[in-house]
Amino acid sequence: MNKTCLLFCAVLTAFSAVSAELYRQFQPSATSRTRENTEWSVTYTYNALDARHPRLLLIGDSICNAYQSAVRQKLGKIMNITFWATSKCVTDKDFFRELDLILSAYHYDVISFNNGLHSLTTHRKEWENAYRGAVAFLRKKCPDARLFLTLCTPLRDPVKTAQAKELNNIISETAAREGLPVIDLFTPMDSLDRRKYWSDTYHFQKAAVDRQAELIARTVRALPGIAASGEDVVQRGTETGPDGALR
């Protein structure tokens, strides 16, 4: 191997190492958070082989896991959907490691970023610093994506709802400081009847989930260029499931 090839390989190796370690520059150096008894992550990339049409990445928790299917039903003819739902708080270093894995897998045109309901009692300053670090990482890793900061939904418990409001204030302040748009899932839900639209302290009945999905879909659908190609996306499934159908 000649010197030119050796130099090229050395530069490529160094670049790969720096790229692989990028997320470490943004994750918290220390945290006082204690993990939950069960930590989980769920991710699906629908129509993974289609690189011609735009792709939306939904990041969140079980609320995201609930509405992702409805969002896909509403947008699946004009774009593809990837979602990552996790119990991890942004103060968990593993959040950034997993986020890096998700962001590295595909090109995303639009990203909806939510974190908070598993962080209601997390040290506020630690959460604020880690949340802002996550936003900075998202922008650095996916500079061409249109990033939306999505507010936490209210809860059936008024004390927990007040905690969610505190986190939403930080999210809104971050959005204003960074010049980023917000998807407000809190205000429309907060006016609903808790007995009718909630299934437990945190989660919602289908009618409320559909409303959340429509808020996201309407926001994304209105973006320039998203619907320009018309409704021509063909969602293809996998033999082992899911089948890819839009119902």
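Mentor: Begin with how elements are named: helices and strands are DSSP runs, numbered from the N terminus. By that naming, Ile 63 lies in helix H2. Keep in mind that this is a predicted model.

Trainee: Is Ile 63 buried or exposed?

Mentor: The cut-off for buried is under 20% relative accessible area. Ile 63 has 5% relative accessibility, so Ile 63 counts as buried. Leaving out residues up to four places away in sequence, Ile 63 touches Leu 117, Thr 153, Tyr 202, His 203, Phe 204 and Gln 212. For a distance across the chain, take Asp 232: Ile 63 and Asp 232 are 169 residues apart in sequence and 29 Å apart in space, C-alpha to C-alpha.

Trainee: What does Cys 64 touch?

Mentor: Cys 64 is also placed in helix H2. Apart from neighbours within four places in sequence, the contacts of Cys 64 are Leu 58, Ile 59, Phe 83 and Trp 84. Cys 64 counts as buried because its relative accessibility is 1%. Between Cys 64 and Ser 112 there are 9.8 Å in space, C-alpha to C-alpha, and 48 residues in sequence.

Trainee: How should I read a nonpolar core, and which residues have the most contacts inside the largest one?

Mentor: In soluble globular proteins, nonpolar side chains tend to be buried together. Here the largest nonpolar core has 71 residues, and Tyr 67, Ile 111 and Phe 113 have the most contacts inside it. With residues up to four places away in sequence not counted, Tyr 67 touches Leu 58, Leu 185, Val 209, Gln 212, Ala 213 and Ile 216.

Trainee: Where is Phe 148, and what does Phe 148 contact?

Mentor: Phe 148 is in strand E5, residues 146-150. Its relative accessible area is 7%, so Phe 148 is buried. Beyond neighbours within four places in sequence, Phe 148 is in contact with Val 110, Ile 111, Ser 112, Phe 113, Pro 181, Ile 183, Thr 219 and Leu 223. Phe 148 and Ala 213 are 65 residues apart in sequence, and their C-alpha atoms are 14 Å apart in space.

Trainee: Now helix pairs. At what angle do the axes of H2 and H8 cross?

Mentor: Read the angle against cut-offs: under 35 degrees counts as roughly parallel, over 145 as roughly antiparallel, 65 to 115 as roughly perpendicular, and the rest as oblique. Helix H2 (residues 62-75) and helix H8 (residues 206-221) have axes that come within 8 Å and cross at roughly 55°. H2 and H8 are therefore oblique to each other, and their crossing is right-handed. The H2 side of the contact includes Ile 63, Ala 66 and Tyr 67, and the H8 side includes Val 209, Gln 212 and Ala 213. By class, the contact of H2 with H8 has 11 nonpolar, 1 polar and 4 charged residues.

Trainee: How far apart are the axes of H3 and H4?

Mentor: The axes of helix H3 (residues 93-105) and helix H4 (residues 124-141) are 11 Å apart, and the helices pack at an angle of about 20°. That angle makes H3 roughly parallel to H4. The crossing of H3 with H4 is right-handed. Among the residues that make the contact are Phe 95, Phe 96 and Leu 99 of H3, with Ala 130, Gly 133 and Phe 137 of H4. The classes in the contact of H3 with H4 are 8 nonpolar, 2 polar and 2 charged residues.

Trainee: How do the residues of the contact of H4 with H5 divide?

Mentor: First the geometry: the axes of H4 and helix H5 (residues 158-178) come within 11 Å and cross at roughly 40°. H4 and H5 are therefore oblique to each other, and H4 passes H5 in a right-handed crossing. Contact residues include Arg 124, Glu 128 and Arg 132 of H4, and Glu 166, Glu 173 and Arg 177 of H5. The contact of H4 with H5 divides into 6 nonpolar, 2 polar and 8 charged residues.

Trainee: What should I look for in the backbone?

Mentor: Most residues other than glycine have a negative phi, and most peptide bonds are trans. Asn 47 is not a glycine, yet has a positive phi of about 55°. Asn 47 sits in the loop between strand E1 (41-45) and strand E2 (55-60), and counts as buried because its relative accessibility is 8%. As for peptide bonds, the one from Gly 241 to Pro 242 is cis, with omega near 0°. Pro 242 is found in the segment after H8.

Note on methods. Residues are numbered from 1 along each chain as its sequence is written. This is a predicted model: local features need pLDDT of at least 70, side-chain atom pairs count only at pLDDT 80 or more; totals for chains, interfaces and linings use all residues. Side-chain values use heavy atoms; hydrogens and water are left out. A nonpolar core is a set of buried Ala, Val, Leu, Ile, Met, Phe, Trp, Tyr and Cys residues joined through side-chain atoms within 4.5 Å. Buried means under 20% relative accessible area, exposed over 50%, partly exposed in between (1.4 Å probe, protein chains only). Contact means heavy atoms within 4.5 Å. Axes are lines fitted to C-alpha atoms, for helices over the stretch in contact, and angles run from 0 to 180 degrees between N-to-C directions. Helices (H or I, at least four residues) and strands (E, at least two) are DSSP runs, numbered from the N terminus. A crossing is left-handed if the near helix is turned anticlockwise from the far one by less than a right angle, and right-handed if clockwise. Ala, Val, Leu, Ile, Met, Phe, Trp, Tyr, Cys and Pro count as nonpolar, Asp, Glu, Lys and Arg as charged, and the others, Gly among them, as polar.
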